[in-house]
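I opened this entry to keep track of what I looked up, beginning with the overall fold and moving on to one helix and the charged pairs.

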Amino acid sequence: DRDVTGVQTCALPISPILCFERAGGMPEFTAGGCGVAVEYLDLDAMGAAAARLLKSPEEYARMASNARDKVRAQYDISVIAPKLAATMERAMAGDA
């Protein structure tokens, strides 16, 4: 799901992102230590990744912090709104 609100909901409270590769935009989000992407529909790998994070509070906390920082830096309304406004202005001017 490429829904930015979904990213914010998952990442801001305390959670690293766990997702499947080739499943929307989340694998790209996990780059940089924000979570784990496993092979598409590999439930054993997903379970192993979740178990690894639950057994390692330090890794869990590091990834959660990275995810929160990434959401704030790239998806916060203060970042997105000016980009959206500029795109809309270009479209209205016929430059898009």
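I counted five helices and two strands in the protein, where helices (H or I, at least four residues) and strands (E, at least two) are DSSP runs numbered from the N terminus. From the N terminus on, I read the order of the elements as α-β-α-β-α-α-α. I noted that this is a predicted model, in which local features need pLDDT of at least 70 and side-chain atom pairs count only at pLDDT 80 or more, while totals for chains, interfaces and linings use all residues. Residues are numbered from 1 along each chain as its sequence is written, and side-chain values use heavy atoms, with hydrogens and water left out.

Next I looked up burial, taking buried as under 20% relative accessible area, exposed as over 50% and partly exposed as in between (1.4 Å probe, protein chains only). Of the 96 residues of the protein, 27% count as buried.

I then turned to helix α4 (residues 57–74), whose 18 residues should span 26 Å at 1.5 Å a residue, and I found its end C-alpha atoms 25 Å apart, which agrees; the expected span is 1.5 Å times one less than the number of residues. The buried residues of α4 are E59, M63, A64, A67, R68, K70 and V71. Seen down the axis of α4, these buried residues fall within an arc of 165 degrees, so they line one face of the helix; the arc is that of the directions from the helix axis to the C-beta atoms. On the other side of α4, I found P57, E58 and A73 exposed.

E39 pairs with R22, their closest N and O atoms being 2.8 Å apart. This pair links distant parts of the chain, with E39 in the loop between β2 (35–38) and α3 (43–55) and R22 in the loop between β1 (17–20) and α2 (26–30), 17 residues apart. E39 is partly exposed at 40% relative accessible area, whereas R22 counts as exposed at 60%.

E59 is buried, with a relative accessible area of 18%, and forms a salt bridge with R52 at 3.4 Å between the closest N and O atoms. The side chains of R62 and E59 also meet in a salt bridge (3.9 Å, N to O), and both residues lie in helix α4, three residues apart, about one turn of the helix.

Key: A salt bridge is a side-chain nitrogen of Lys or Arg within 4 Å of a carboxyl oxygen of Asp or Glu.
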